[in-house]
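Welcome! Take a moment to look over the sequence and the model, and then let us walk through them together.

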Amino acid sequence: MLSSGQRLGGITGVLVAAILWGTTGTAATFAPELSPLAIGAVAMGVGGLLQGLIAAGTLLRQRRLIAGQWQYLLSGAIAVAVYPLAFYASMRYTGVTTGTVISIGSAPLLSALIEYRFDGVRLTKQWLYGATLGVTGMILLCLAQSSGEAAGNEHALSGIALGLLAGFTYAFYSWSARRLMQAGVASRAAMGATFGAGGILLMPVLVMTGAPLLAGWNNAAVGIYMALIPMFVGYLCYGYGLSRIPASMATTITLLEPVIAALLAVLLVGERLPFAGWAGVGLIVICLGIITAPAKKRLLKKPHALS
């Protein structure tokens with residue numbers, strides 16, 4: 001049983017990660033020549049390889065333990081490779097805000113369902129109340145900022161589907177990494193193995209799409225920033241938090257990411273956020289307060305199997 005201090009540290013780590021991730025949309029606007037696939041491949045690919053590199057010593061010491069959990073490593077690595085491609089492609093088709101809302105907003109529910117299905121984790125009423133408010137806030141934020149963005153866009157449905165795929169893969173690699181940690185793998189090794197392997201899978205995509213990164217200092221700077229700060233440092237913080245709190249709570253806390261993205265768009269890019277958007281921000285903040293409060297004892301029972 002983790003102490004309240006460890007739990008608070010885990011929540012703080014995920015909050016810092018969400019704040020860093022929230023800067024990616026604004027950073028990408030400074031390099032419009034980069035394709036979504038190039039941005040995803042350089043950010044998660046290079047960032048993942050760096051995580052694997054700094055964890056090399058621990059990975060070597062725990063290689064047998066990790067090999068014994070190969071199914072979680074493989075599934076997590078595939079999810080890591082698919083996530084950024086689906087996420088940034090979704091933003092290209094539906095708009096930055098809508099793509100982020102669908103991807104990040106769906107992850108907490110999908111994460112809880114994954115834990116419910118594979119781990120038998122029961123969903124607390126407290127979590128349901130918080131998640132409902134959070135998802136409602138995400139919808140308001142989406143409607144406020146993206147009205148008309150996808151109107152007449154023939155790829156809108158594809159963008160929504162890609163956003164849901166991104167949300168699922170995000171939830172799934174979080175669950176896979178936590179299962180490695182629960183099997184005794186150190187947090188740094190679990191994240192390093194999962195993201196390092198995922199980074200290797202993304203290298204062919206980077207080779208095929210990354211030429212614009214070398215076309216100018218501006219593109220290169222954006223690529224370096226995306227790989228080092230949101231992905232490398234952000235996922236170090238996320239891994240620290242994930243080792244201390246459930247994946248469903250971690251993914252729900254990252255609902256803060258679109259809030260940060262929206263605020264930066266207002267302050268730095270010059271976008272306007274209507275009242276409905278600010279209401280959505282408020283609901284998400286309330287959601288974070290609810291789900292990170294000490295858990296209540298009453299649980300929703302799993303339904304009995306039909307005879």
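## A word before we start

A residue is called buried when its relative accessible area is under 20%, exposed when it is over 50%, and partly exposed in between. Leu-201 has a relative accessibility of 44%, so it counts as partly exposed. Please keep in mind that this is a predicted model.

## The overall picture

The chain has 307 residues, and buried ones make up 52% of them. Its accessible surface comes to about 14200 Å², with 70% of that belonging to carbon and sulfur atoms. Among contacts with a separation of 6 or more, 90% are between residues 24 or more positions apart.

## A helix with a kink

Helix H11 covers residues 217–242, which gives it 26 residues. From its first C-alpha to its last it reaches 35 Å, close to the 38 Å expected at 1.5 Å a residue. Where is the kink in H11 centred? Look at Tyr-235, where you will find a kink of about 30 degrees.

Together with Trp-70, Leu-74 and Ile-78, Leu-201 makes a nonpolar surface patch of about 420 Å².

Which helix gives the largest share of this patch? That is helix H6 (residues 70–94), with three residues.

Now turn to Met-249, in helix H12 (residues 247–253). Is Met-249 buried or exposed? Its relative accessible area is 12%, so Met-249 is buried. Ser-111, in helix H7 (residues 96–118), is buried as well, because its relative accessible area is 0%.

How many residues separate Met-249 and Ser-111 in sequence? They are 138 residues apart along the chain, while their C-alpha atoms are 8.7 Å apart in space. Setting aside neighbours within four places in sequence, Ser-111 is in contact with Ala-171, Ala-247, Ser-248 and Thr-251.

Terms used: Residues are numbered from 1 along each chain as its sequence is written. This is a predicted model: local features need pLDDT of at least 70, side-chain atom pairs count only at pLDDT 80 or more; totals for chains, interfaces and linings use all residues. Side-chain values use heavy atoms; hydrogens and water are left out. Buried means under 20% relative accessible area, exposed over 50%, partly exposed in between (1.4 Å probe, protein chains only). Contact means heavy atoms within 4.5 Å. Accessible areas come from the Shrake-Rupley method with a 1.4 Å probe; for residues, only the protein chains shown count as cover. Helices (H or I, at least four residues) and strands (E, at least two) are DSSP runs, numbered from the N terminus. The expected span of a helix is 1.5 Å times one less than its number of residues. The bend at a residue is the angle between axes fitted to the seven residues ending there and the seven starting there. Patches are made of residues with over 30% relative accessible area and no salt bridge: like charges are joined within 9 Å, nonpolar side chains (Val, Leu, Ile, Met, Phe, Trp, Tyr) within 5 Å. A salt bridge is a side-chain nitrogen of Lys or Arg within 4 Å of a carboxyl oxygen of Asp or Glu.
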